[in-house]
Amino acid sequence: APLEIKNVRSTCGCTVTTIGKRNLGPQESTELTAVFDSGRYRGEVIKNIYIYSNDPENPIKKLSVRADVRVDLEIRPPIVYFAGLKEGEKVERNLIIKNYSKETVKIKEIASTVSSIDPELNKTNIEPGDSASLKLVINEVEKDMKLTGELTIFNTSHQPEIKVIVYGGTIR
């Protein structure tokens, strides 16, 4: 009998699916494409895709996609919280950039959407298995300072951009 594919959905927005044909005759087939954005994931990840059809015996078919997400560079912590800052004080936060790849990675630039933060990197070339220290410095906290934005670390790895979320502000 003809098969009508009514819907295809994934368990999260990180996996986008497309299907070639929604109506198939007997012995026909179609292609289902799934694209997984691994940007927020590390290690083993399982994502599910559900196919809804008019099949009376299997109206919902579950497909599982398994991935082992590996990174070249990792930054810890990935979110920097500047809370409870007092006017006039100098504030620093320390981050570590670790190179998990098999090649030397060069940090080309650190761009920030928060102008009051000065990034200080202890080295621009990170050898395989090694780390670099990144210090975020606010030289003088201003009254009613708000720190919401991100840092982008441009580099020569297979992940040419790494983002760090920054937020916080002064005590009222």
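User: How much space lies in the largest pocket?

Analyst: Rolling a probe the size of a water molecule over the atoms shows where empty space is left. In this predicted model, the largest pocket holds about 420 Å³ of space.

User: Which residues are the closest to its centre?

Analyst: The pocket is lined by 18 residues, and those closest to its centre are Gly39, Arg40, Arg42, Gln159 and Ile162. Two elements, β7 (73-76) and β15 (161-170), each give two or more residues to the lining.

User: What classes of residue make up the lining of the largest pocket?

Analyst: The lining has eight nonpolar residues, seven charged ones and three polar ones.

User: Now a single residue. Is Thr17 buried or exposed?

Analyst: A residue counts as buried when its relative accessible area is under 20%. Thr17 has a relative accessible area of 18%, so Thr17 is buried.

User: Where is Thr17 placed, and which residues is it in contact with?

Analyst: Thr17 sits in strand β2, which covers residues 15-19. Setting aside neighbours within four places in sequence, Thr17 is in contact with Val8, Leu32, Thr33, Ala34 and Ile49.

User: Next, salt bridges. How many does the structure hold?

Analyst: Side chains of opposite charge can pair when their charged atoms come close. The structure holds nine salt bridges. One of them joins Lys21 and Glu28, with the closest N and O atoms 2.5 Å apart.

User: Which residue does Glu74 meet in a salt bridge?

Analyst: The side chain of Glu74 meets that of Arg76, at 3.1 Å from N to O. Glu74 counts as buried because its relative accessibility is 15%, whereas Arg76 is partly exposed at 45%.

User: What is the case for Lys90 and Glu92?

Analyst: These two residues form a salt bridge, the closest N and O atoms being 3.9 Å apart. Lys90 counts as exposed because its relative accessibility is 51%, while Glu92, at 34%, counts as partly exposed.

User: Which residues are joined into one network with Lys90 and Glu92?

Analyst: Lys135 belongs to that network: salt bridges that share partners join Lys90, Glu92 and Lys135.

Conventions. Residues numbered from 1 in each chain as written. Predicted model: local features only at pLDDT ≥ 70, side-chain atom pairs only at ≥ 80, totals over all residues. Heavy atoms only, no water. 1 Å grid on protein atoms, 1.4 Å probe; cavity = no way out; pocket = protein on both sides within 12 Å on 5 of 7 lines; lining within 4 Å. Points joined across faces, edges and corners; volume = space filled by probe spheres on them. Helix = DSSP H or I, 4+ residues; strand = E, 2+ residues; numbered from the N terminus. Nonpolar A, V, L, I, M, F, W, Y, C, P; charged D, E, K, R; others polar. Buried < 20%, exposed > 50% of the residue type's maximum accessible area, 1.4 Å probe, protein only. Contact = heavy atoms within 4.5 Å. Salt bridge = Lys/Arg side-chain N within 4 Å of Asp/Glu carboxyl O.
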